[in-house]
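Please work through the following exercises with the sequence and the model side by side, trying each task before you read its solution.

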Amino acid sequence: MEVPFRLVDVFTPRPFGGNQLCVVPDPVELDTATMQTIAAEIGFAETTFVTRFGGDRYAMRIFTPGHEMPFAGHPTLGTAFVMVSEGRVTSPLVQEVTAGEIDVEVDLDTSSARMVQLPAEFGPAFGERELVARAIGVTVDDLSPDLPIQTVSTGLPPLIVPLRDLEAVRRAARDQAALRKLVAAAGAEDVYLFATTSEGVTARMFDAELPTGEDSATGSAAGALGAYLAEHGVAGMPGSVLIRQGVQVGRPSELHVEAVREGEAWRPRVGGGVRVVGRGEFTL
């Protein structure tokens with residue numbers, strides 16, 4: 001059986017930047033184990049499998065090389081862009097994933113897409129600052145003294161870690177064993193550290209599972225960070241902010257984030273450039 005796929009770069013204004021994604025856009029009868037095997041074979045942070053589509057909506061499943069995800073940011077934008085650019089669905093659209101329904105808009109003229117994430121849910125402040133510092137290779141003094149370390153979820157819960165300055169962000173280096181302990185203790189999916197700059201925010205994402213240990217662009221975490229910044233009045237938020245990520249892994253990324261108050265919760269909008277850079281077929 002031949003299974004077509006597309007290779008997509010997300011959160012970048014040009015090809016071969018941002019975060020890599022493999023999209024399987026045709027609903028093919030594949031079991032979970034086969035989907036997981038394909039995701040491990042391609043080796044990107046995520047691979048998506050569209051399971052049905054029509055009109056202005058589609059459903060999909062998301063896999064890392066190691067497990068299935070209920071939601072993820074760059075897979076949402078990259079898959080939506082492929083589906084709209086190939087005329088499979090119209091924009092604006094609704095994407096159905098395990099975490100819920102995600103509203104997405106695709107702009108083919110600007111090669112970009114934007115999603116509305118789920119309402120932000122804030123966890124309590126995380127107090128084990130020595131563990132946090134050890135896990136990301138900085139000192140306790142490098143942690144911001146004024147802002148809390150806490151999980152924020154808009155579909156996935158990263159642990160948001162504010163640092164004093166950009167130099168500390170650049171110097172950070174993950175400790176795998178401590179990172180695993182930290183993620184478990186905080187009930188987090190990964191760790192998203194950041195510092196404010198004159199241009200907005202620079203962030204890095206450390207994950208104990210990824211082959212490199214660091215993600216080049218993390219849309220789900222960027223939305224959570226946008227809600228965090230709005231809640232605490234940082235980096236000109238509420239409003240909009242540019243998050244830069246990925247320089248340390250050689251794939252510079254730009255994530256455009258807004259946070260809008262809806263009722264009692266912040267509702268982030270996250271967008272960026274999308275480029276389709278390749279296509280092919282898996283032979284099963």
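## Salt bridges

R171 and E167 form a salt bridge in which the closest N and O atoms are 2.8 Å apart. The model is a predicted one, in which local features need pLDDT of at least 70 and side-chain atom pairs count only at pLDDT 80 or more, while totals for chains, interfaces and linings use all residues. Residues are numbered from 1 along each chain as its sequence is written, and side-chain values use heavy atoms, with hydrogens and water left out.

**Exercise 1.** Find how R171 and E167 are placed in their helix, and state how exposed each of them is.

*Solution.* Begin with the term itself: a salt bridge is a side-chain nitrogen of Lys or Arg within 4 Å of a carboxyl oxygen of Asp or Glu. Next, look at helix α4, where R171 and E167 are four residues apart and are therefore separated by about one helical turn. (Helices, H or I with at least four residues, and strands, E with at least two, are DSSP runs numbered from the N terminus.) Finally, R171 counts as partly exposed at 36% relative accessibility, and E167 counts as partly exposed at 44%. Here buried means under 20% relative accessible area, exposed over 50%, and partly exposed in between, with a 1.4 Å probe and protein chains only.

**Exercise 2.** Which parts of the chain does the salt bridge between R57 and E101 tie together?

*Solution.* First locate the contact, in which the closest N and O atoms of R57 and E101 are 3.1 Å apart. R57 lies in strand β4 (residues 57-63) and E101 in strand β7, so the pair ties together parts that are 44 residues apart in sequence. Then turn to accessibility: R57 is partly exposed at 29%, and E101 is partly exposed with a relative accessible area of 47%. To place this pair in context, note that a search of the whole structure finds 17 salt bridges, and that R6, D26, E86 and R88 are linked in a network of such bridges.

**Exercise 3.** Which residues of helix α1 are buried, and which exposed residues does the face turned away from them carry?

*Solution.* Within α1 (residues 32-42), the buried residues are M35, Q36, I38 and A39. They cover an arc of only 160° around the axis, which puts them on the same side of α1; the arc is that of the directions from the helix axis to the C-beta atoms. The face turned away from this buried side carries the exposed residues A33, T37 and E41.
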